[in-house]
Amino acid sequence: SITVCWLRRDLRLEDNAALYHALKQASPVLLLFIFDTTILNQLEDKNDARVTFIHDQLCALNDELVKLGSSLLVKHGTPSAIWTELIQEYPIKTVYANHDYEPYATQRDQSIKELLQQSGIEFITFKDQAIFEKKEVLKNDGSPYTVFTPYKNRWMQHLKDFYLKPYPSERYLQFLYKTTAFKLPTLKAIGFNRATIDFPKKEFERILENYTQHRDFPAINGTSRISIHLRFGTVSIRRLARKAYEANSLAWLNELIWRDFYFMILWHFPYVVSKAFKPAYDHIQWRNNEEEFRRWCEGKTGYPIVDAGMRQLNTTGFMHNRVRMIVASFLTKHLLIDWRWGEAYFAKKLLDFELSSNNGGWQWAASSGCDAAPYFRIFNPDEQTKKFDPQLEYIKKWVPEFRELNYPSPIIEHKFARERCLNVYKQALRK
Ligand code: FAD
C-alpha cells in the first residue's frame, strides 16, 4: 500500500509538516497536486500569473522528484472526482495534507475526508502555514481574540523553540514512492496561458535590519515581497519567523503575526467573507458609482498616490502595504464604494492574494473589521504623500505623465468627501 501526500498551498519539499509526517511512517509516499477546477473556473483572466507561478513550481518540484526516482502526480478536475479515480487506481492507505483555513477549503477537506473514509482510507492533516492556528492562542475565557495587540502579546508568550523548529522532510525523501516520471499537464491543457511577469524572489534577509525605518516608504525596496511565496508555501513560515526572531526584527515578526491573526479570524468568523465583522457597518449606504469605480481600478482618480498604487497593482500584481491602505481608504471613504468591490478587484489582481489578509485589510480600511481604523479616520491622500513619498519618487515611477500642474483634477474634493463620508457612516451606525 502507499501513502499520498496531497500538496495544496505548501509547494515545497523542505520543512513541510505533512510531508515530514508522511515520510516518517512505513509505506512509500506519492506526492499529489490537483489543479482544482472549482477554483480555476472562477479566474476570468486566462493569463492569470498565479497559475503560471504554481505551474512553474510544480515543474521544478517534479524535476527534483524525478532525480530521486519518483515523480509528482498532477491532476486537473474537481477534488472529489480525482480522489474517486485515485482510490481505484492506487492501493492508498493514508492521505496526508496541511491545514487550510478558508471556508471553501475546510468544506472540501471535510467532504474528501468522508469520501476517503468510505474506502477505509484515513485523512490526516497538520498545521503548516501558521505558527499558531485556530484555538492555539485564545483569551483566558477560551474565546478568540478580536483585537490584534493582546493577541500578539499572547502569541509571543506562547512562543517556544518547538514552534519555530523545522520539520526536516527533505531528509527523508528516500521514502518517496518510486515510479517512472509522470507527464505533467501543460498550462494550455488546463486552459491557461503563460504570463510574462517577473515573480518576486524568495529573499527576505536583506530587509530585516532596516525594516522599521523603511517599511512605510513605497519608493524604497524596504519590504520583503515574500508574500507570494507565503501564499503558495514555496517558503516555510517557521523559517521566516525563526529568522525574524534571531535577527531581533520584531517589527517584521509583527507582520507575520498579523498573518496568523487574520487566518485565525477567518477560521473563527467565516461570515466575514461576505459580511462586515461589525454588523452595524452593513447598514452603510454605499454610493457604488460604477464610473468612479472604473477610474479607481484604472488609476485615474486624479489623486497621484492612489493612481500610482493602482497602476503598480495592474502592472506587477503587487502593491506596497502603505499604498494598499491608502487606495482602500480612498475607495471606501472618499468614493463610498462597498469594500467588497475593492476586495474583489484585489483578489483578481494580487499575486499574493490571500482571502484572510485581503478581507482583513479591506475591512480594516472600511472600519468594519475586527480591529479596524476608527470610522472617522479618513486618510488625506496628499498628507499621506507628503509623509510617505515626499520626493514623489513612487508616484513618478508609476504615473509617468505626472506633473504637478497639469495632472487631471481630482475625481472628488477631499474636504467634501470627508464630510460626506462622516455623515453616511454616522447615519449607518445610529441604526
Ligand atoms: P513584508 O512587509 O515584508 O511582510 C512580510 C509578510 O508578513 C508578508 O509577506 C505577509 O505575509 C505578512 N504581512 C505583512 N503585512 C501584513 C498585514 N497587514 N496583514 C497580514 N499579513 C501581513 N497580504 C497578503 O498576503 N495578501 C493579500 O491579499 C493582502 N491584501 C491586503 C489588502 C489590503 C487592503 C491591505 C491594507 C493589506 C493587504 N495585505 C495582504 C497585507 C500586506 O499589504 C501584504 O502582506 C504586504 O504588502 C506584502 O508585501 P511584503 O511581502 O513585502 O510584506
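This is a predicted model: local features need pLDDT of at least 70, side-chain atom pairs count only at pLDDT 80 or more; totals for chains, interfaces and linings use all residues.
Local features were taken only where pLDDT is at least 70 and side-chain atom pairs only at pLDDT 80 or more, while totals for chains, interfaces and linings use all residues. Residues are numbered from 1 along each chain as its sequence is written.

Helices (H or I, at least four residues) and strands (E, at least two) are DSSP runs, numbered from the N terminus. Six of the seven residues of S4 are buried, so the strand is largely enclosed by the rest of the structure; buried here means 20 or more other C-beta atoms within 10 Å of the residue's own, with C-beta atoms placed from the backbone. S4 pairs with strand S1 (residues 2-7) in the parallel sense, over four bridges, pairing being called when DSSP finds at least two bridges between two strands. Thr-3 sits opposite Thr-94 of S4. S4 also runs parallel to strand S5 (residues 122-126), with five bridges joining them, and Ala-97 has Thr-125 in S5 as its bridge partner.

Turning to the helices, H14 (residues 304-316) packs on H15 (residues 321-334) at about 115 degrees, with axes 9 Å apart. Axes are lines fitted to C-alpha atoms over the stretch in contact, and angles run from 0 to 180 degrees between N-to-C directions. That makes H14 roughly perpendicular to H15, a label covering 65 to 115 degrees. H14 brings Ile-305, Val-306, Gly-309 and Met-310 to the contact, and H15 brings Val-323, Ile-326, Val-327 and Phe-330; contact means C-beta atoms, placed from the backbone, within 7 Å. By class, seven of these residues are nonpolar, one is polar and none is charged. Nonpolar covers Ala, Val, Leu, Ile, Met, Phe, Trp, Tyr, Cys and Pro, charged covers Asp, Glu, Lys and Arg, and the others, Gly among them, are polar.

H6 (residues 148-158) and H12 (residues 250-268) pack at about 105 degrees, their axes 10 Å apart. That again makes the pair roughly perpendicular. Here Phe-148, Tyr-151, Lys-152 and Trp-155 of H6 meet Asn-254, Ile-257, Trp-258, Asp-260 and Phe-261 of H12, giving six nonpolar, one polar and two charged residues.

Asn-16 counts as buried, with 27 C-beta neighbours inside 10 Å. Leaving aside residues up to four places away in sequence, Asn-16 touches Asp-10, Asp-128, Tyr-167 and Ser-169.

Notes
Angles under 35 degrees count as roughly parallel, over 145 as roughly antiparallel, 65 to 115 as roughly perpendicular and the rest as oblique. Two residues are in contact if their C-beta atoms, placed from the backbone, lie within 7 Å. A residue is buried if 20 or more other C-beta atoms lie within 10 Å of its own, exposed if 12 or fewer, and partly exposed in between; C-beta atoms are placed from the backbone.
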